[in-house]
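User: I've just opened this one and I'm new to it. Can you walk me through it?

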Amino acid sequence: MMKKYNFSAGPCILPQEVFQEASQAILDFNNSGLSILEISHRSADFVSVMEEARNLSLKLLGLENKGYKALFLQGGASMQFLMTAYNLLEKKAAYLNTGTWATKAIKEAKFFGEVVEVASSKDKNFNYIPKNYKVPTDADYFHCTSNNTIFGTQMKEFSSVAIPLVCDMSSDIFSREMDFSKFDMIYAGAQKNMGPAGTTLVIIKEDILGKVSREIPSMLNYKTHIEKDSMFNTPAVYAVYVSLLTMRWMDRKGGVKAMEELNNKKAALLYSEIDRNELFKGYAEKEDRSTMNATFNLTDESLKDRFDELWKAEGINGLNGHRSVGGYRASMYNALPPHSVTTLVEVMQELERKA
Ligand code: PMP
């Protein structure tokens, strides 16, 4: 089959074998003679998909038996911007502003109380991660974004805070090893490393809930979804199933540790070419560079048409940068084969030869 080298930022590449298994389940799920799209979400077959998906997400992050619950909700990571605040913000919350998504999270939180922006990298159009900021200890929680998809920066360290730590990991979940028990809540839209768009993984330590005085509508209340094992209403069955297939794939390949090793290699390969080749310049500060989204620009804009022609002719897809940064963005999620990065590097070298 003709395939592209897919550097799309999300929705994005998933493992080929997942696409195959996922399409089979549309035709005949578990040899039942029925499609996964036509069975009840209350059927034993689907209930076991949901259970396995919830358990496997915790297993991959090393969070089993540590007081966490995993949920697969709808409304994207954007819904979590408001649900976190609805459920956790009584008076004041602390936020680190590292980009567009963090800014949106802050905007939603302000509907529910005071928001302290502990630091922001807006002064340099978010090309770095602020350091040495102080998190107020009297805030209800501290919210950060582990990977800034648009700007290509990634947090390498997470300060230990005495208050609950909430993290939007939409674009780097399952990409690197970490002590995930530092976090009291993690959320991630599925459509990068985990699966197709349509579901959002929410992992939450139960003991941080029940502390706000406001009433919370059922659908927006984490407790509702925990009590119903993430089946309060009809879940996004297919998105959850394909996420399960992707998590099984990660597990088979050696889990998050194996993903990290490969991601580090891919990122090193591309960044070393960006740094070596004088026609290119990285956008993010070196120490904050993301292993998932590499952002870079041409040093000579007049080469744009030639470069675009070259990578498109090579079968590369999704390399254009986000409109707020310009230039290029190569997203190298877990499922992107190293060969795709080699191909991009070769195209960059070809431009150099022809320039
Ligand atoms: N947070 C981050 C870090 C993201 O990259 C995105 C989407 N790309 C979002 C939040 C918003 O996710 P959604 O579209 O699922 O609401």
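User: What kind of model is it, and how are residues numbered?
Analyst: This is a predicted model: local features need pLDDT of at least 70, side-chain atom pairs count only at pLDDT 80 or more, and totals for chains, interfaces and linings use all residues. Residues are numbered from 1 along each chain as its sequence is written.

User: Okay. How far does α1 reach?
Analyst: Helix α1 covers residues 16–27 and has twelve residues. From its first C-alpha to its last it reaches 17 Å, close to the 16 Å expected. The expected span is 1.5 Å times one less than the number of residues. Helices here are DSSP runs of H or I with at least four residues, strands are runs of E with at least two, and both are numbered from the N terminus.

User: Which residues of α1 are buried?
Analyst: V18, A22 and A25 are buried in α1. Buried means that 20 or more other C-beta atoms lie within 10 Å of the residue's own; exposed means 12 or fewer, and partly exposed is in between, with C-beta atoms placed from the backbone.

User: Where do they sit around the axis of α1?
Analyst: They cover an arc of only 60 degrees, which puts them on the same side of α1. The arc is that of the directions from the helix axis to the C-beta atoms.

User: And what is on the face turned away?
Analyst: That face of α1 carries the exposed residues Q20, S23, Q24 and L27.

User: What covers the buried residues of α1?
Analyst: The cover includes α6, residues 237–252. Contact here means that two C-beta atoms, placed from the backbone, lie within 7 Å.

User: Switching to α7. What span should it have?
Analyst: Helix α7, residues 255–276, has 22 residues and should span 32 Å. Its end C-alpha atoms are 32 Å apart, which agrees.

User: Which of its residues are buried?
Analyst: In α7 the buried residues are V256, M259, N263, K266, A267, L270, E273 and I274. Seen down the axis, they fall within an arc of 130 degrees, so they line one face of α7. On the other side, K257, A268, S272 and R276 are exposed.

User: What do the buried residues of α7 pack against?
Analyst: Their partners include the helices α2 (44–60), α6 and α9 (338–354). The strands β11 (280–282), β12 (293–298) and β14 (328–331) also pack against them.

User: How do α7 and α9 cross?
Analyst: The axes of α7 and α9 come within 10 Å and cross at roughly 0 degrees. Axes are lines fitted to C-alpha atoms, for helices over the stretch in contact, and angles run from 0 to 180 degrees between N-to-C directions. The two helices are therefore roughly parallel to each other; that term is for angles under 35 degrees.

User: Which residues meet there?
Analyst: From α7, L262, K265, K266, L269, L270 and E273 take part. They meet P338, V341, T342, L344, V345 and M348 in α9.

User: New topic. What domain does UniProt list?
Analyst: An unreviewed UniProt entry lists "domain: Aminotransferase class V" for residues 5–336. UniProt positions use the numbering here, feature names are shortened, and annotations may be inferred rather than shown by experiment. The span of residues 5–336 is 32% helix and 18% strand, and its end C-alpha atoms lie 8 Å apart.

User: Where does UniProt put a "binding site"?
Analyst: In the unreviewed entry, that annotation covers A77, S78, W101, T149, D168, Q191, N233 and T234. They span 158 residues in sequence and the farthest two C-alpha atoms are 30.2 Å apart, so they do not all gather at one spot. The unreviewed entry also places a "binding site" feature at R42.

User: Last thing. What is the bond between G10 and P11?
Analyst: A cis peptide bond joins G10 and P11, with omega about -5 degrees. P11 is in the loop between β1 (5–6) and α1.

User: And what is the phi of N31?
Analyst: N31 has a positive phi of about 55 degrees although it is not a glycine. N31 is in the loop between α1 and α2.

Terms used:
Parallel < 35°, antiparallel > 145°, perpendicular 65-115°, else oblique.
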